[in-house]
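Trainee: Could you walk me through the helices and sheets in this one? I'd like to start with how helices cross.

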Amino acid sequence: MRLFEKCYNFTDARALKNAGCYPYFKSVESGLDAEVTIDGKKVIMLGSNNYLGLANHPKVKEAAKKAVDRYGVGCTGSRLLTGTLDIHIKLERKLAEFLNKEDALVFSTGFQTNLGTISSLVTRHDILLIDKEDHASILDGCRLSYGKIFKFKHNDVKHLGSLLANFPEDMGKLIVVDGIYSVSGDIVNLPDIMKVCEKYKANLMLDEAHSLGVFGKGGRGTGEYFGLEEKLDIVMGTFSKSFGSIGGFIVAKEPIIDFVKHHSRPFIFSASMPPPSVAAVLAALEIVEKEPERRDKFWTNTNLIKKGLYEIGFKVSMNKSSIVALFIGEESLTFTFWQSLFDEGVFTNPIITPAVPKNGAILRISCMATHNEKSLIRVLEIFERVGKRLKII
Ligand code: PMP
């Protein structure tokens, strides 16, 4: 009984359900695109990471179907033993080429990529320095390693520098940051972080989950956007956002990749990325490279929503970001707002503590390249109407 006591005492989700504003685990009954069907009703999807709309792209789907016909539905083994296909190798070669690094390693999820990379590289003789807003998979990767963890204040390079100053030059130091922070949507201060890395001889791993495909002229992320790609030691990315699928990867120098692939437990002791997903990512990567207009459309849509919400009177993050954070504050109001928007046909993501500080609840909004202007203008009208009714604006 003792073990499960917390389960029987857990009432938060039930309370939200009883209040009629439970926003989680909504099941989509249609194709995953700019408009989806949930509970039999069409809603405009403004909460997905399908930034370029590739999850339901005909060429991407066709590639996945062909891979199923050729290889089957799953690898049923780890990359190390029976789970490596020729298309895994092809994808790794293409990713290394795309990001101008020596080699790449593909994992089954983005979460596993951070877990497996950080935990295998960092020993008890090394230290880890991570931003307070880093993704959960980074923190868990650090916890799984034997290195000592130091968190620096969000995007505060001075604080990072002051922590680094306490350690000898020849000590192993890995700084891990997000390119775009997944909750607030803040962009990393990469130029200053890079200077600190050089000053204190630390290595940098950059999680480009929310920036690959959309940031930089070539869609190569915030490293490209800041013109600092060459200086990045390890770039991490996921296929579950702009690439519309599932899986993750790192690119780095060849000896680093070789070490991780022979030491990373989440990589070695887990089945590999399934054939349709690998093929889908290969097709998506080609589109990311060949169709920059998708990126442009994504930014046109994001800027329309961001500027529109700001002009209506909402508190929104105005920095360059693939994610729009709309600040509300109080949790119960955030859930009521979410439900009212949903009832009017707009799907967003409510984010509450512990992902944000107490009374710092936000709605997290993200656009896709496949939204059209007409539907986004409808979204703004709905936000204005509901926002006024609930006295948020
Ligand atoms: N890093 C960041 C910054 C993320 O936002 C996420 C997912 N939200 C991940 C890693 C994990 O990626 P995946 O969902 O592909 O496992």
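Mentor: Happy to. A crossing is left-handed if the near helix is turned anticlockwise from the far one by less than a right angle, and right-handed if clockwise. This is a predicted model, where local features need pLDDT of at least 70 and side-chain atom pairs count only at pLDDT 80 or more, while totals for chains, interfaces and linings use all residues. Residues are numbered from 1 along each chain as its sequence is written, and side-chain values use heavy atoms, with hydrogens and water left out.

Trainee: Okay, so what is the handedness of the crossing of α13 and α15?

Mentor: Right-handed. Helices here are DSSP runs of H or I with at least four residues, strands are runs of E with at least two, and both are numbered from the N terminus.

Trainee: At what angle do α13 and α15 cross?

Mentor: Roughly 25 degrees, and the axes of α13 (residues 292–312) and α15 (residues 373–389) come within 10 Å. Axes are lines fitted to C-alpha atoms, for helices over the stretch in contact, and angles run from 0 to 180 degrees between N-to-C directions. The two helices are therefore roughly parallel to each other, a label for angles under 35 degrees.

Trainee: Which residues of α13 and α15 meet?

Mentor: From α13, Asn301, Leu304, Ile305, Gly308, Leu309 and Ile312; from α15, Glu373, Leu376, Val379, Leu380, Phe383 and Glu384. Contact means heavy atoms within 4.5 Å.

Trainee: Switching to sheets: what is the strand order in the sheet of seven strands?

Mentor: It goes β3-β9-β8-β7-β6-β4-β5, an open sheet with mixed pairing. Strands pair if DSSP finds at least two bridges between them. At the edges, β3 (103–107) and β5 (148–152) each pair on one side only. From one strand to the next, the twist averages 20 degrees.

Trainee: How many bridges join β7 to β8?

Mentor: Three, and β7 (residues 203–207) and β8 (residues 234–238) run parallel. Met205 stands opposite Ile234 in β8.

Trainee: And which strands does helix α8 lie across?

Mentor: Helix α8 (residues 190–200) lies across β6 (173–178) and β7, running at about 155 degrees to β7.

Trainee: What about the sheet of three strands, what order does that have?

Mentor: That open sheet reads β1-β2-β12, with mixed pairing. Its edge strands are β1 (35–38) and β12 (346–347). Two bridges join β2 (residues 41–45) to β12, and these strands run parallel. Met45 has Phe347 in β12 as its bridge partner.

Notes. Angles under 35 degrees count as roughly parallel, over 145 as roughly antiparallel, 65 to 115 as roughly perpendicular and the rest as oblique.
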